[in-house]
Amino acid sequence: MSFVGATIGPIRIEDRIGIGGMGEVYRGFHQRLERRVAVKTIRADHRLSGEVKARFLREARLLSKLGHPGICQVYDLIETPDADFLVLEYVEGRTLKDLAREGLSFERRLRLAEQIATALAAAHRERIVHRDLKPDNVMVTPRGEVKVLDFGIARSVAESGSRPNLDISAGREMRMPDRPQASDLTQLGDLIGTAKVMSPEQARGGRVTIASDLYSLGILLQELFTGEPAYEAAHPVAVLDQVMRAETRPISGLDPDLTKLIEDLQKLDPRRRPGAEATAERLRWILDKPQRLRRRRLVMAGVVAAIAALLAVLGVVSWLAVEANRARRDAERLVHRVRAHFESIPESRLTAEERRLLDEIRRQGTIGP
């Protein structure tokens, strides 16, 4: 059933903007606060159990206190006989998946990646695991700001074991053994999430930690920068088999530091993956590489200019030295001629001043001061 036109508490439902296997997403207007909100429904046939619903509400409250600009905020959970409604921040923009298809510059992709890692770091500081990080769950606003969605289905680290849980964005729940079988793909059970972005430990039904989100981030980054799926397999069973062994496509043609970061995020051992904050810092370092290169070029240009100026000064000094030597030699020749001239004249015919000058030349070999 459609809720368009209905009023849910203080919220007037205006339009349906999305639909999935577990429910629908509407644009609503909060009449008391006078602002737009997103309203996600959970259909009655997929209602949460009392225990899990209580945990879900606790996590929604925790996430609503994060207050990070890169995370879509959870405002409320409204329960009615027909459906449950998760009230979220309304984010205008496009998904990263849609935006990436148009072809983004390398710099813009880096900036978006850094924002995603920073938002993830904020959640991880509160020990919250997203569990389904993918391009569909990242919105980019018209101002170029990232909003990570569906943190409302996340779990705290303390509760992120392999118990059943509801994944609103995945569209269905699945149970997977250690080695997947086709008949297991649609059964209820422990494996929740999108197969192609989940971590190996998540694919095995093991404990999900903040390191699991970092693996998903590595998959997201590989697809964002290469434009190709991270896994070569196409069938879901084959994809899960590759996921459990962390067998992603080899990366080529990217910045070496970016390639190394993606490979580190996709380590099979969760303990070897960098944290979200360290990932954001490495992305900022890569983003700053052109500026560092420009600064290095400016420094080198300054050094070259200084060397050129020094060489010019040395050239002038050398020229002056040459000129000084030439002048000295000319002066010596002149003194020699003057002395020869005076000595060719009988001394009795020299004036007193000429005799004094001749005596000075004989004594010092040059003209006195």
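Predicted model: local features only at pLDDT ≥ 70, side-chain atom pairs only at ≥ 80, totals over all residues.
**Rings, charges and strands: how do we know?**

Biologist: Why is Phe-3 called buried?

Modeller: Its relative accessible area is 8%, and buried means under 20%. Phe-3 therefore falls in the buried class.

Biologist: How many aromatic pairs does a search of the whole structure find?

Modeller: It finds three aromatic pairs. One of them is formed by Phe-3 and Tyr-26, with 6.0 Å from centre to centre and 90° between the planes. This pair links distant parts of the chain: Phe-3 is in the segment before β1 and Tyr-26 is in strand β3, 23 residues apart.

Biologist: Why is the pair of Phe-3 and Tyr-26 called edge-to-face?

Modeller: The angle between the planes is 90°, and planes over 60 degrees apart count as edge-to-face.

Biologist: What makes Phe-3 and Phe-85 an aromatic pair?

Modeller: Their ring centres are 5.0 Å apart, which is within the 6.5 Å limit. With 85° between the planes, this pair is edge-to-face too. Phe-3 is in the segment before β1 and Phe-85 in strand β6 (residues 83-89), so the pair ties together parts that are 82 residues apart in sequence. Phe-3, Tyr-26 and Phe-85 form one aromatic cluster.

Biologist: How do you know that Phe-85 is buried?

Modeller: Its relative accessibility is 0%, and the cut-off for buried is under 20%, so Phe-85 belongs in that class.

Biologist: On to charges. What makes Asp-264 and Arg-282 a salt bridge?

Modeller: Their side chains meet at 3.0 Å, N to O, and a salt bridge needs these atoms within 4 Å. Asp-264 lies in helix α7 (residues 256-265) and Arg-282 in helix α8 (residues 276-287), so the pair ties together parts 18 residues apart in sequence.

Biologist: Why is Asp-264 called buried, and why is Arg-282 called partly exposed?

Modeller: Asp-264 has a relative accessible area of 9%, which is under 20%. Arg-282 has 28%, which is between the 20% and 50% limits.

Biologist: Which residue forms a salt bridge with Arg-101?

Modeller: That is Asp-98, with the closest N and O atoms 2.7 Å apart. Both residues lie in helix α2 (residues 96-101), three residues apart, about one turn of the helix.

Biologist: Why is Arg-101 called exposed?

Modeller: Arg-101 has 59% relative accessibility, and exposed means over 50%. Asp-98, at 33%, is partly exposed.

Biologist: How do you know that the charged end of Arg-35 sits over the ring of Tyr-75?

Modeller: It is 4.2 Å from the ring centre, and the distance limit is 6 Å.

Biologist: How do you know that β1 and β2 are paired strands?

Modeller: Two bridges join β1 (residues 7-8) to β2 (residues 11-19), and pairing asks for at least two. The strands run antiparallel, and Thr-7 stands opposite Arg-12 in β2. Seven bridges join β2 to β3 (residues 24-30), also antiparallel. In β3, Tyr-26 is the bridge partner of Arg-16, and Tyr-26 is also a member of the aromatic cluster.

Key. Residues numbered from 1 in each chain as written. Heavy atoms only, no water. Helix = DSSP H or I, 4+ residues; strand = E, 2+ residues; numbered from the N terminus. Buried < 20%, exposed > 50% of the residue type's maximum accessible area, 1.4 Å probe, protein only. Phe/Tyr/Trp six-rings, centres within 6.5 Å; stacked < 30°, edge-to-face > 60°. Lys NZ or Arg CZ within 6 Å of the ring centre and 35° of its normal.
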